[in-house]
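Biologist: Could you take me through this chain, starting with a strand pair and then moving on to the rest?

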Amino acid sequence: MITLKSAKEIDTMSRAGDIVARTLEMLRDMVRPGLTTEDLDAEAEKFIRSHKGAKPSFKGLYGFPKTLCVSIDEEIVHGIPSPKRVLAVGSIVSIDCGVYLEGLHADSATTVAVGTISAEAQRLMDVTQQSLEAGIREALVGQHVGDIGHAVQTVAEGAGYGVVRELVGHGIGTRFHEEPQVPNYGPPKRRERLVAGMTIAIEPMITAGGPQTRTLPDKWTVVTADGSLAAHFEHTIAITPEGPRILTRAA
Ligand code: MG
Ligand code: MG
């Protein structure tokens with residue numbers, strides 16, 4: 001069942017999203033060679049909890065142990081922060097963050113370069129971000145969920161990249177994962193109709209090679225099956241009569 005949110009609930013999600021956005025901005029500034037993914041996680045948790053009533057959404061969700069998912073290079077999503085994972089020059093690192101505030105969640109991810117990266121890695125990040133923007137532009141009252149995925153897929157595959165199928169975006173609200181699922185692929189004019197008050201996380205996961213994935217023995221980290229680079233960008237948005245409202249952008 002899709003739950004529609006009131007204007008007040010959307011405002012609360014926007015305040016949660018503001019904390020998410022500022023957490024990701026802080027981490028983006030921190031990222032440098034030699035830092036561990038655990039360092040990022042510790043700073044993120046401290047920053048989130050410094051806001052009255054705010055908690056990391058991910059910690060404890062389905063048993064996930066940390067505040068962030070940090071996924072490096074061929075890791076697509078759900079990397080577990082660790083003092084053993086050291087950021088190295090030339091890597092790209094996906095940082096995914098959720099905040100729970102006053103009963104509601106917000107969810108966003110960005111991919112960041114560690115020092116100087118290859119032109120190919122930069123292009124993958126740029127295209128993935130563009131595919132997210134294309135998806136958000138379709139998030140209009142009267143359109144369908146499938147229009148979002150179709151737009152993402154058109155941009156990503158048009159650039160020669162793979163679109164991950166096994167993982168999708170999602171409704172979000174009082175629960176972190178709600179209906180509907182928001183795939184990053186598929187035909188337009190299919191799936192649920194978008195109506196005002198829906199809140200969804202759109203999150204393209206795009207690979208420089210094939211779309212196939214596998215999960216590491218830690219049972220969390222999802223990597224590209226062919227070892228190619230992956231990028232991940234995400235925003236939580238509300239469907240409104242005035243168009244998509246991005247809730248995970250710093251106010
Ligand atoms: Mg996320
Ligand atoms: Mg998400």
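Modeller: Glycine 171 stands opposite glutamate 178 in S8. This is a predicted model, in which local features need pLDDT of at least 70 and side-chain atom pairs count only at pLDDT 80 or more, while totals for chains, interfaces and linings use all residues. Residues are numbered from 1 along each chain as its sequence is written, chains are lettered from A and ligands numbered from 1 in the order in which they are written, and side-chain values use heavy atoms, with hydrogens and water left out.

Biologist: Which strand does S8 pair with, and over how many bridges?

Modeller: Strand S8 (residues 178-182) pairs with strand S7 (residues 169-171) in the antiparallel sense over three bridges, where two strands pair if DSSP finds at least two bridges between them. The two form a hairpin, with six residues between them.

Biologist: How many helices and strands does the chain have?

Modeller: There are four helices and 15 strands, counted as DSSP runs numbered from the N terminus (helices are H or I with at least four residues, strands are E with at least two).

Biologist: OK, on to S4: what pairs with it on the S5 side, and over how many bridges?

Modeller: Ten bridges join S4 to strand S5 (residues 104-113), and the two run antiparallel; isoleucine 92 has alanine 113 in S5 as its bridge partner. In the hairpin of S4 and S5, which has two residues between the strands, glutamate 102 takes a positive phi near 50°.

Biologist: And which residues of S4 are bridge partners of proline 56 and isoleucine 72?

Modeller: Proline 56 has valine 99 as its partner, and strand S1 (residues 55-56) pairs with S4 in the antiparallel sense over two bridges. For isoleucine 72 the partner is valine 93, and strand S2 (residues 68-72) pairs with S4, also antiparallel, over five bridges.

Biologist: Is S4 mostly covered or uncovered?

Modeller: Strand S4 (residues 92-101) is mostly covered, with nine of its ten residues buried, where buried means under 20% relative accessible area, exposed over 50% and partly exposed in between (1.4 Å probe, protein chains only). Over the whole chain, buried residues make up 55% of the 251 residues.

Biologist: Where is leucine 216, and what does it touch?

Modeller: Leucine 216 is found in the loop between strand S11 (213-215) and strand S12 (222-224), and is partly exposed, with a relative accessible area of 23%. Not counting residues up to four places away in sequence, leucine 216 touches Thr221 and Val223, a contact being heavy atoms within 4.5 Å. Leucine 216 and glutamate 75 lie 141 residues apart in sequence and 9.4 Å apart in space, C-alpha to C-alpha.

Biologist: Last one: what radius of gyration does the chain have?

Modeller: The chain has 17 Å, which agrees with the value near 18 Å that a compact globule of 251 residues would have; the radius is taken over C-alpha atoms, and the globule rule is 2.2 Å times the number of residues to the power 0.38. Along the principal axes, the C-alpha atoms fill a box of roughly 45 × 45 × 30 Å.
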